Amino acid sequence: MNVWLQCWSGYIRLTQRWPGLAAIIPFIPVVALWTVVTEAGVFPRAFLPGPLDVVRSFVTLTYKGILPDYLQDSLIRLLAGAALGMALGIPLGILIGTSRWAHRICWPVLLFFQAIGDIAWLPILLIWFGFGLTTMTFVIVYTVLFPVVLNTVLGVESVPRDLARAARSLGASPARVLWEVTLPGALPNIITGLRNGLGYGWRALIAVEIIVGTSGIGFLMFDARRAGSTTEIVLGMIILGLLWYIVDAWILAPLERATGQRWGLVTS
Amino acid sequence: MKTLSLRNLAKTYFDPYAGSHVTAVHDVSLDVQQGEFVSVVGPSGCGKTTILNMIAGFIPYSGGEILLDGKPVIGPGPERGVVFQSFALFPWKTVLDNVGFGPKMRGVPKAERDKIAREYLALAGLSHAANRYPNELSGGMQQRVGVVRALANNPAVLLMDEPFASVDAQTRMTLQEELTRIWQERRPTVVFITHDVAEAVFLANRVVVLSKGRILDQVDVNLRRPRVWDDLVNDDEFKRLSASVLQMVRAA
């Protein structure tokens, strides 16, 4: 018993000193189990490659330049779509959040289109725009748009009425209130919306690349299926998870905390 | 010289749930002199906050008129500073930037509005908190910021809506004493809304008793200043005034 407590205490102190380790250590048993299963030959190698095979494939694809190129393509698509989704979603959310009429008119329509999932648009998009960048961008923008709009509306509506009143009676014009009160007040929610939107968008992008793609991580995986290379498929899956972890845990989550908690808008 | 004038002010609104009109304020007329401190006291639902919101321009009025220095009041404006029960500080701005917000809206350059803000923070004994965020301060300190933020804009009238109702009893007494001190130094025109009779009498030159949307009576308070609770708790005049106002409020 004492040994376990010692180990636990050691783990806590270790991760406190190097917080990065807390993200890596939980994966050690997963990789170990994976190694054991493959080494024991439970499944044929062609069905389930081992960790070393995947690492080797990573090195080869990186060396050939395929992986960096595809990764770059995927990320640029995601970022362009997310930027466009935000450029449309934030103003729309503010409009709906501040105007009762806009809320009444837009809200039901918004919920209706939210229900038609991103992928459900693909059949008709392929007819309209063909297998190309327009189709991909449409899907990403569509996916990012809804979480951003809905969270922005929530954020705008959660700004206490007295704050806008205070600003007005200190001499702020309605436009200044929007800039000085509504936007900063809604910012933590907007970032939450962005975080969700990017998460959905990342998944949608891979799905679209599998169907539409000519490059990208999704295309890499689907192309590997054609060649029967399970190693590259598994590599693609690992990259998806890893990349999202980095973006979410190292960029988005700290951003969310930095706004909300600093101002005492979010308690935790 | 009168600054603020309410003439037959009325507020009627439609209650969609009851399907009928409700009158919150009937025919209220009141003059406030420049540099006067007027408390408006009454039980909840008597229309006191409605009146304040109309003077502030937050809600439209349905009858009569409100004049400030002879000009009718339409919508909110910087000549009517407001102190809220909820403090209403901007959580994403430092204390200094909160107090400098009014001057910023007037286009005062950064260096100058910081100077103004620091001067007003010093008035409330808050110089040490200039660079902190509101959520790092106690309720009492937050409301001190709320008061000086409104004052820093140099309003013609300061409207205070139960500003000390959400702080603890001891802090409230301190804030009340500080407010009378600041009033004596700066002589702003104040309309102070409260349901606390002792508070109304302690602070004001004149107490207006409101009931069911009408002015029931007005009482002049000529207690000497500076006013501190240690003196006034045993002061016969204070006790007599409080008792008579309390009687009116309870009968209302």
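This is a predicted model: local features need pLDDT of at least 70, side-chain atom pairs count only at pLDDT 80 or more; totals for chains, interfaces and linings use all residues.
Compared with Thr12(B), Ala251(B) is 239 residues away along the sequence, while the gap in space is 24 Å from C-alpha to C-alpha.

Helix α9 of chain B, residues 236-251, lies across β3 (37-41), β9 and β10 of that chain. Relative to β10(B), the helix runs at about 175°. The sheet itself is open and has six strands, in the order β6-β7-β8-β3-β9-β10, with mixed pairing. At its edges stand β6 (80-83) and β10 (214-220) of chain B; each has a single partner strand, so one side of each is left without a neighbour in the sheet. On average, and ignoring direction, neighbouring strands here are turned by 20° against each other.

In general, the strands of a sheet pair through backbone hydrogen bonds, and they can do this in a parallel or an antiparallel way. For β9 (residues 206-211) and β10 of chain B the sense is antiparallel, and the pairing extends over six bridges. Along this pair, Val209(B) is found opposite Asp217(B) of β10(B).

The buried set is Leu163(A), Ala164(A), Arg165(A), Ala166(A), Ala167(A), Arg168(A) and Ser169(A). What does the covering of these buried residues include? Part of it comes from α10 of chain A, together with α1 (48-56) and β6 of chain B. After α9(A) comes Gly171(A), which has a positive phi near 105°.

Helices α9(A) and α10(A) pack with their axes 10 Å apart, at an angle of about 160°. Angles over 145 degrees count as roughly antiparallel, and α9(A) and α10(A) are therefore placed in that class. Their crossing is right-handed. On the α9(A) side, the contact is made by Leu163(A), Ala164(A), Ala167(A) and Arg168(A), which meet Val177(A), Glu180(A), Val181(A) and Gly185(A) of α10(A). By type, the residues of this contact are five nonpolar, one polar and two charged.

Helix α10(A) also packs against α8 of chain A, residues 133-158, again at about 160° but with the axes 7 Å apart. These two helices are therefore roughly antiparallel to each other as well, and the crossing of α8(A) and α10(A) is right-handed. Their contact residues split into 19 nonpolar, 14 polar and no charged.

Finally, how do the two chains meet? At the interface, 17 residues of chain A are in contact with 21 residues of chain B. On the chain A side, the elements giving two or more residues are α9 (161-169) and α10 (174-212). The biggest share comes from α9(A), with six residues. Sorted by type, this side of chain A has nine nonpolar, three polar and five charged residues.

Terms used
Residues are numbered from 1 along each chain as its sequence is written. Chains are lettered from A and ligands numbered from 1 in the order in which they are written. Two residues are in contact if their C-beta atoms, placed from the backbone, lie within 7 Å. Helices (H or I, at least four residues) and strands (E, at least two) are DSSP runs, numbered from the N terminus. Ala, Val, Leu, Ile, Met, Phe, Trp, Tyr, Cys and Pro count as nonpolar, Asp, Glu, Lys and Arg as charged, and the others, Gly among them, as polar. Two strands pair if DSSP finds at least two bridges between them. Axes are lines fitted to C-alpha atoms, for helices over the stretch in contact, and angles run from 0 to 180 degrees between N-to-C directions. Angles under 35 degrees count as roughly parallel, over 145 as roughly antiparallel, 65 to 115 as roughly perpendicular and the rest as oblique. A crossing is left-handed if the near helix is turned anticlockwise from the far one by less than a right angle, and right-handed if clockwise. A residue is buried if 20 or more other C-beta atoms lie within 10 Å of its own, exposed if 12 or fewer, and partly exposed in between; C-beta atoms are placed from the backbone.
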